[in-house]
Amino acid sequence: MESYYRAVSSRDSRFDGRFWFGVTSTGIYCRPSCPARTPKSENVKYFPSAAAAARNGFRACRRCAPDAVPGSPQWDSRADVTARAVRLIGDGVVDRGGVPELASRLGYTERHLNRLLSEELGAGPLALARTQRAQTAKTLITKTGLGLSEIAFAAGFGSIRQFNDTFREVYGCAPSTLRRADTPVDGVVPLRLSYRAPLHAEALFGFLGARTITGVDAYDNGRYTRSMSLPHGMATVTLWPASPGAAGPPHGGEPGVGSGFIEAELRLSDMRDLTPAVARCRRLLDLDADPAAVDTVLAADPALAAMVAAEPGVRLPRSVDGFEMAVRAVVGQQISVAGARTVLARLCPPADGTAVRPGLPTRLFPTPEQLLALPDEAFSMPASRRRTLRAVAEAVRDGLRLDAGSDRAATREALLALPGVGPWTADYIALRALGDPDVLLTTDLGTRRGAKALGLPEDPADLARHAERWRPWRSYAQIRLWRAA
């Protein structure tokens, strides 16, 4: 605990999201980088989650917004059941289907799941979801003109009384006290998504921009915009990096020296989708990663050291929908990025434009059912690849999940059992849909070109042996090899 107190004393933002601390003399809990006066060590208690702090009777600090820090990097990268549960709770699974749905998705009993989460996070799934609902409600209160009763149900609360009680418990005040006179009412929810610095925005947004699909997403003047299909309806989001030194903290908090934020504008057809929309945007941009840990490992290799020094904080561009990424992977087999974009655009049907403003994406990526309903001529590809796409769509329709809560090993095995899905395709899906941090596509042409440019072995077997030193962050090395190519 002495190291924790040193982090608190130095206001080290690198520890934001790794732990929270409560001050017994005030009843407030904070993030490590809180700018308030450092409390005495004997008055400090430490917690593995914001929900654990709230469960122990502490209220969230209004100055540092400890409920709005970057997510813990261990839950972002780990593949065990606890990490998968945290990611699914973040995506709103408990709000939509309760703890039974979460337990079913993970293949555990509710009792065992509650024990696992309580032991590691200090709070069970209901407490974790409850704290998240309070944060969602706070965002809607400060960022939209919705009525408080609308906000209560949009955030996932079962009643107004539960909403008020939880809000007072978490924030120590009534919901109405956070409403501002200048709250926007035009349907746009402006947000700031925090991350751990550094972040190489050019690499991240450039990667996404080079792979846009006409009508689905777009990249212009440093802003990336895309449509999303969420549990209750359609949404569009525009994302761009905040200017250096931009005023204003993320979600009303205060970013520390080692943090920053991405600007976001969300347009939701149903405000109940705010929680999953934010979770998917964070996942798309890999905002919960720990770039210092990644770059330390990669920079230890002389072949990558200069690149890491020149471009710190390169992230792993992920996805907002696992099925979409699986389709992108299959379509991208043995064709160029430009060619894949052309084929993918033909697969995307027009969406109902009532929820979309002019100038924003007007199409949604097809669901498995929509893709299966397309005629052969819509695919514009060889028959064998068309069969593979339909096999993937049938598997997802029938229950194969390609999301943040998937078991990575089991999912890879299920994908490899499908016709036309080989190791490259399965690993690309693991890289971008499942967010596996330790994937290397050794047979990929771009990988081999990047390896050659950096003086690394081009032979897949030799490169794989060399890459053992990059574990557990080979996925981030993969992005750097593509950049070197």
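This is a predicted model: local features need pLDDT of at least 70, side-chain atom pairs count only at pLDDT 80 or more; totals for chains, interfaces and linings use all residues.

Visitor: Where is proline 419 placed?
Guide: Helix α18 covers residues 408-416, and helix α19 covers 423-432.

Visitor: How many helices and strands does the chain have?
Guide: The count covers the secondary structure of the chain. It comes to nine strands and 22 helices.

Visitor: What radius of gyration does the chain have?
Guide: For 485 residues, a compact globule would come near 23 Å, and the chain agrees with that. Along the principal axes, its C-alpha atoms fill a box of roughly 65 × 55 × 45 Å. Buried residues make up 56% of the chain. The radius of gyration of the chain is 22 Å.

Visitor: Is serine 77 buried or exposed?
Guide: Serine 77 lies in helix α3, residues 73-77. Leaving aside neighbours within four places in sequence, it is in contact with Arg87, Arg408, Pro437 and Trp473. The cut-off for buried is under 20% relative accessible area. Serine 77 has 17%, so it is buried.

Visitor: Which strands stand at the edges of the open sheet of four strands?
Guide: The order of this sheet is β3-β1-β2-β4, with mixed pairing. Two of its strands have a single partner each, so one side of each is left without a neighbour in the sheet. Those edge strands are β3 (44-47) and β4 (59-60).

Visitor: In β2, which residue is the bridge partner of glycine 22?
Guide: Strand β1 (residues 20-23) and strand β2 (residues 28-30) pair in the antiparallel sense, over three bridges. In β2, the partner of glycine 22 is tyrosine 29.

Visitor: How many bridges join β5 to β9?
Guide: Strand β5 (residues 188-196) is mostly covered, with seven of its nine residues buried. It runs antiparallel to strand β9 (residues 259-268). The number of bridges joining β5 to β9 is nine.

Visitor: Which residue in the turn between β6 and β7 has a positive phi?
Guide: Strands β6 (residues 217-220) and β7 (residues 223-230) run antiparallel and are joined by four bridges. Tyrosine 219 stands opposite tyrosine 224 in β7. The two strands form a hairpin with two residues between them. In the turn, the residue with a positive phi, about 50°, is asparagine 221.

Visitor: What covers the buried residues of α15?
Guide: An α-helix has 3.6 residues a turn, so residues three or four places apart point the same way. In helix α15 (residues 337-347), the buried residues are Ala340, Val343, Leu344, Ala345 and Leu347. Their cover includes α14 (322-331) and α17 (383-397).

Notes. Residues are numbered from 1 along each chain as its sequence is written. Side-chain values use heavy atoms; hydrogens and water are left out. Two strands pair if DSSP finds at least two bridges between them. The radius of gyration is taken over C-alpha atoms; the globule rule is 2.2 Å times the number of residues to the power 0.38. Buried means under 20% relative accessible area, exposed over 50%, partly exposed in between (1.4 Å probe, protein chains only). Contact means heavy atoms within 4.5 Å.
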